[in-house]
Amino acid sequence: MSTKGFIKKLQNKLIMSDYESMLDKAYAELPELMAESQRFTFEKVKGHIEGTKTVIINLKQIAKDLGRKPEHLLKYLLKESASAGKWAGTRAIFASKISASSLNKKIKKYASEFVFCSECGKPDTTLEVDRNSITRLKCMACGTKKPVKSIR
Ligand SMILES: [Zn+2]
């Protein structure tokens, strides 16, 4: 190998290892918030379209995973999809056709609004309603209390 070729190879190697250590650094510096929300998972919706309705069979389980009342989650989804709906036993019935991906997106939005703490990103939170009907998200991990939208 020529000297020039050798130097070129060496340079490439150096660039490569720089890049790798840069990646390591980037991983190490990933905010804790992201790690937390990745560790916390909930099921994707399961169900089917029935005529003009959408039937979801595991919404109660999803609410349980999120630590929220099924009624609260359903009300939110109905409002967000501008649909009527109700429980039929353990199944949630939406009076319109809604795709699973659209529901999953809305549930993710629900989780970021009503489950994850906006300060520390942890899911260890509860919803409290005070006597003025103001709902607050209270974080057990860092103590943050933040008003959230009330769903009617
Ligand atoms: Zn917090």
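Two residues are taken to be in contact if their C-beta atoms, placed from the backbone, lie within 7 Å. The model is predicted, and local features need pLDDT of at least 70, side-chain atom pairs count only at pLDDT 80 or more, and totals for chains, interfaces and linings use all residues. Residues are numbered from 1 along each chain as its sequence is written.

On this contact criterion, Leu59 touches Val45, Pro70, Leu73, Leu74 and Ala92, leaving aside residues up to four places away in sequence.

Helix H4 (residues 70-80) holds the buried residues Leu73, Leu74 and Leu77, where buried means 20 or more other C-beta atoms within 10 Å of the residue's own. They lie on the same side of H4 because they cover an arc of only 95° around the axis, taken from the directions from the helix axis to the C-beta atoms. Their cover includes helix H3 (59-66), strand S3 (85-88), strand S4 (91-94) and helix H5 (100-114). Just after H4, Ala82 adopts a positive phi of about 45°.

Further along, S5 and strand S6 (residues 135-139) pair in the antiparallel sense over 5 bridges, pairing requiring at least two DSSP bridges. Leu127 stands opposite Leu137 in S6.

Methods: A residue is buried if 20 or more other C-beta atoms lie within 10 Å of its own, exposed if 12 or fewer, and partly exposed in between; C-beta atoms are placed from the backbone. Helices (H or I, at least four residues) and strands (E, at least two) are DSSP runs, numbered from the N terminus.
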